[in-house]
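Subject: Structure handover

Hello,

Here is the structure for you to look over. My notes follow below it.

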Amino acid sequence: MSVTTESRKKLHELLDLIREADERRYGPEYGITTPEDVADGHRNLLHLLQGGLFSHFEADPERPKLRRIVSPTRKFRGDNPDAIYYEAAICPDRDYLLRGNMAGAAYFSVTVEEGPGEGAYATGTASGLHDGEMTIDANGDFEVLLSPNDPGDGRNWLNLTPTACRLTTRHYIEAEVCAAADPSRYVPMSVEPLVDPGPPPTWNDARVTEAIQRVINFVTGDTVGQPPPQPGKQPSWVSTVPNQLNPPEKPGDLAFSAMDIAYAMCPYVLGPDEALVMTGRFPECKFANVVLWNRYLQSFNYNDRNVSLNRKQTRLEPDGSFKMIIAHRDPGVPNWIDTEERPSGILYWRFLLPEGKIETPQLEVVKVASLG
């Protein structure tokens, strides 16, 4: 007969959550009705489970360790092929020192998320810094103090509010090879408490129970903890009209967003013989890219396909504008973005530190045969 422990009970709760998420989040309650969307949903669920286990099961805010949030095989919350993200759980009443390097990034930022912590979904962004607001040496090295107290000496400082729970770093890199897909791309980062808390407690039933609860909190936050889609309550930069973008805007303190990035997104819908022609101009900014996602905000396969474009990868027209082609197969023209033969998905733009008004990219559905 199995020994009854609290960790066993909690493990069964996690298994129950997986079943509930399967039946609810990836079912009619959330508008999921096709076999393809269910299959994508199960992949999404298992990527979330991987994220919970990788980043939160052994998270220790007293002794934070930076872990890479997403990867080519672990995708959620709108991952970006041209970015490398790290996160660590932190305490709101401690002092930490973040050390890092620009590592060739066009833009770097660090933000502090607020919320209940313990793997739960963040409720907002407490504070943030980007590289243009920081002191960085000639080698690209930097240090940032995270503390509830302003040191008052002019050094890089991020305020830890009473509900601060998580540190997130972002390196956005414009390169010919997508940074997230480049195994040779190394980003040196570390965070340490200024006061040594000593070794962590030994793993036991209580500690394992708490760790499983963090995984439950994480998976819940992105599945049954989110309400079903409400098209009428989307931010202004989120278009619900297929193949039509709204003007890009900054999201403010929206959780998991950088405060100084403008976004725009819309669904795309294409027939088997159709392509979406996207024209526009890049604004003055530190970084810009466009990427295709599935309905669960997971990027398409950027390891093996051209499912995104940054400015470095984009061939411009003689007048400096761009013309990108979103299509199911290679039309034989520059700037093809591969849909993986998916008839629908999400088109997502990012503009970092844009200056002035951003020209909204224009979209037009055409026949692929007309592009030859």
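How many bridges join E14 to strand E15 (residues 336–338), and do these strands run parallel or antiparallel? Three bridges join them, and the two strands run parallel. In that pair, Ala327 stands opposite Asp338.

Some ground rules. This is a predicted model: local features need pLDDT of at least 70, side-chain atom pairs count only at pLDDT 80 or more, and totals for chains, interfaces and linings use all residues. Residues are numbered from 1 along each chain as its sequence is written, and side-chain values use heavy atoms, leaving out hydrogens and water. Helices (H or I, at least four residues) and strands (E, at least two) are DSSP runs, numbered from the N terminus. Two strands pair if DSSP finds at least two bridges between them.

**Strand E14**
E14 covers residues 322–327. Five of its six residues are buried (buried means under 20% relative accessible area, exposed over 50%, partly exposed in between; 1.4 Å probe, protein chains only). Strand E11 (residues 274–280) is joined to E14 by six bridges, and this pair runs antiparallel. Val277 stands opposite Ile325 there.

**The four-stranded sheet**
An open sheet has the order E7-E6-E3-E9, with mixed pairing. Its edge strands are E7 (157–159) and E9 (189–193), each pairing on one side only. The twist averages 20° from one strand to the next (axes are lines fitted to C-alpha atoms, for helices over the stretch in contact; angles run from 0 to 180 degrees between N-to-C directions). E3 (residues 96–101) and E6 (residues 141–147) pair in the antiparallel sense over six bridges. Leu97 stands opposite Leu145 in E6.

**Helix H2**
H2 has 22 residues (residues 35–56). They should span 32 Å at 1.5 Å a residue (the expected span is 1.5 Å times one less than the number of residues). The end C-alpha atoms are 31 Å apart, which agrees. Its buried residues include Asp37, Asp40, His47 and His56. Among the elements that cover the buried residues are H1 (6–23), E8 (164–172) and H3 (205–221).

**Cores**
A nonpolar core is a set of buried Ala, Val, Leu, Ile, Met, Phe, Trp, Tyr and Cys residues joined through side-chain atoms within 4.5 Å. The largest has 34 residues; Tyr172, Val219 and Tyr348 have the most contacts inside it. H3 gives the largest share, five residues. Val219 touches Leu17, Leu45, Leu48 and Leu49, not counting residues up to four places away in sequence (contact means heavy atoms within 4.5 Å). A second, separate core of 29 residues includes Ala103, Leu129, Leu160 and Ala164.

**Two asparagines in loops**
Asn80 sits in the loop between E1 (67–68) and E2 (83–89). Asn80 is buried, at a relative accessible area of 1%. A polar atom of its side chain lies 2.9 Å from the backbone nitrogen of Asp82 (a polar contact is a pair of N or O atoms within 3.5 Å; within protein, one must be able to donate a hydrogen and the other to accept it, and residues adjacent in sequence count only if both atoms are side-chain atoms). Leaving out residues up to four places away in sequence, the residues that Asn80 touches include Tyr172 and Arg350.

Asn243 is in the loop between H3 and E10. Asn243 counts as buried, at 15% relative accessibility. Its side chain reaches the backbone nitrogen of Val269 at 3.0 Å.

Best wishes
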